[in-house]
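Thanks for asking me to look this one over. Here are my notes, point by point, to read with the model open beside you.

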Amino acid sequence: MAGRLEGKVALVSGAARGQGRSHAVRLAQEGADVIAFDVCRQLGSVHYPLASPEDLAETVRQVEELDRRIVAREADVRDTAALQALVDEGVSQFGRLDIVCGNAGIAGFTTNTWSLTDEEWEEMIGVNLTGVFKTVRAAVPAMIEAGNGGSIVLTSSTAGIKGMARTAHYVAAKHGVVGLMRALGNELAPYSIRVNTVHPTGVNTPMITNDYIGGMIAADPEFGANLQNALPVEMVEPVDISNAIVWLCSDEARYVTGVSLPVDAGFLQK
């Protein structure tokens with residue numbers, strides 16, 4: 001039986017590991033070919049290990065193991081030229097572009113908002129908001145030109161629908177992603193391109209399960225409460241987010257646009 005995304009092509013940012021790898025693999029399981037990228041190096045304001053070239057190679061292996069095609073490159077989501085070159089290469093090879101998963105992101109924390117350095121603020125906004133904009137900007141013209149409609153899913157967070165102390169730069173970026181989605185949803189509706197956001201709570205990925213975040217939670221139980229869920233689960237799994245994205249990209253959600261979809265195990269809003 002054909003998958004729900006048979007014959008489609010998906011662009012996935014931050015695809016080397018975690019949610020991004022899960023999205024790439026789930027989309028491939030449903031029949032999509034994949035254009036994938038990740039920065040694959042450390043960034044100055046990030047206090048936990050980021051993905052490596054070997055991680056991206058593993059994503060390639062898992063997609064190809066499903067007998068799907070993949071173009072994967074190391075690229076910074078803030079690099080306009082690199083993103084455009086990758087989209088152009090992928091469309092040249094696969095002939096179309098139908099899906100965009102604006103997933104790449106980083107996390108960071110501070111004592112309070114006024115303690116944030118310029119580097120911390122600018123890098124967070126640059127990756128988590130400007131990078132999402134640049135990903136979409138590189139992809140949309142090819143989607144419109146193909147004339148097949150499509151689906152854009154931008155990864156926000158539960159921090160995109162409420163305030164959280166000690167992470168104002170992250171909260172601001174994730175709220176900004178929602179505003180970007182709403183504007184794009186109106187602009188792209190005439191082309192049958194749907195735009196939505198997903199809002200994960202704490203997800204079992206290296207962005208959360210590392211010594212830096214673990215230390216923050218241990219030192220500040222109030223901060224740790226940001227990861228509490230109503231359902232009896234400590235964290236959701238990457239595939240739970242991927243399954244929501246597959247649905248949003250499928251014909252089952254053909255009239256769903258401009259929606260902020262929580263995937264949060266009943267996230268407890270304090």
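1. A word on terms before we start: helices (H or I, at least four residues) and strands (E, at least two) are DSSP runs, numbered from the N terminus. Residues are numbered from 1 along each chain as its sequence is written, and side-chain values use heavy atoms, with hydrogens and water left out. Please keep in mind that this is a predicted model, where local features need pLDDT of at least 70 and side-chain atom pairs count only at pLDDT 80 or more, while totals for chains, interfaces and linings use all residues.

2. Now for strand 4 and its neighbours. Strand 1 and strand 4 are parallel and share 3 bridges, with Leu 11 opposite Val 100 of strand 4. On to strand 5: 4 bridges join strand 4 to this parallel partner, and Val 100 stands opposite Ile 152 there. Between strand 4 and strand 5 the chain passes through helix 4, making a right-handed β-α-β crossover (right-handed if, with the strands pointing away from the viewer, the path from the first strand over the helix to the second runs clockwise).

3. Which way do the side chains of strand 4 point? Ile 99 and Cys 101 point one way, Val 100 and Gly 102 the other, and all are buried (buried means under 20% relative accessible area, exposed over 50%, partly exposed in between, with a 1.4 Å probe and protein chains only). In a regular strand the side chains alternate between the two faces of the sheet.

4. Further along, strand 5 (residues 150–155) pairs with strand 6 (residues 193–200) in the parallel sense over 6 bridges. Thr 155 has Val 198 of strand 6 as its bridge partner.

5. Two helices deserve a look. Helix 5 holds Gly 176, which counts as partly exposed because its relative accessible area is 21%. The C-alpha atoms of Gly 176 and Leu 129 are separated by 6.5 Å, although these residues are 47 apart along the chain.

6. Please check two backbone angles. Arg 166, in the loop between strand 5 and helix 5 (168–188), has a positive phi of about 70° without being a glycine. Arg 166 is partly exposed, because its relative accessibility is 26%. Ser 192, in the loop between helix 5 and strand 6, has a positive phi of about 60° and is not a glycine either. Most residues other than glycine have a negative phi.

7. How many disulfides does a search of the whole structure find? The count is 0, a disulfide being a pair of cysteine sulfur atoms within 2.5 Å. For Cys 40, the nearest cysteine sulfur is that of Cys 101, 17 Å away. Cys 249 also has the sulfur of Cys 101 as its nearest, at 5.1 Å, and is in no disulfide. Cys 40 counts as buried because its relative accessibility is 7%. Cys 249 is buried too, with a relative accessible area of 4%.

Note on methods
Two strands pair if DSSP finds at least two bridges between them.
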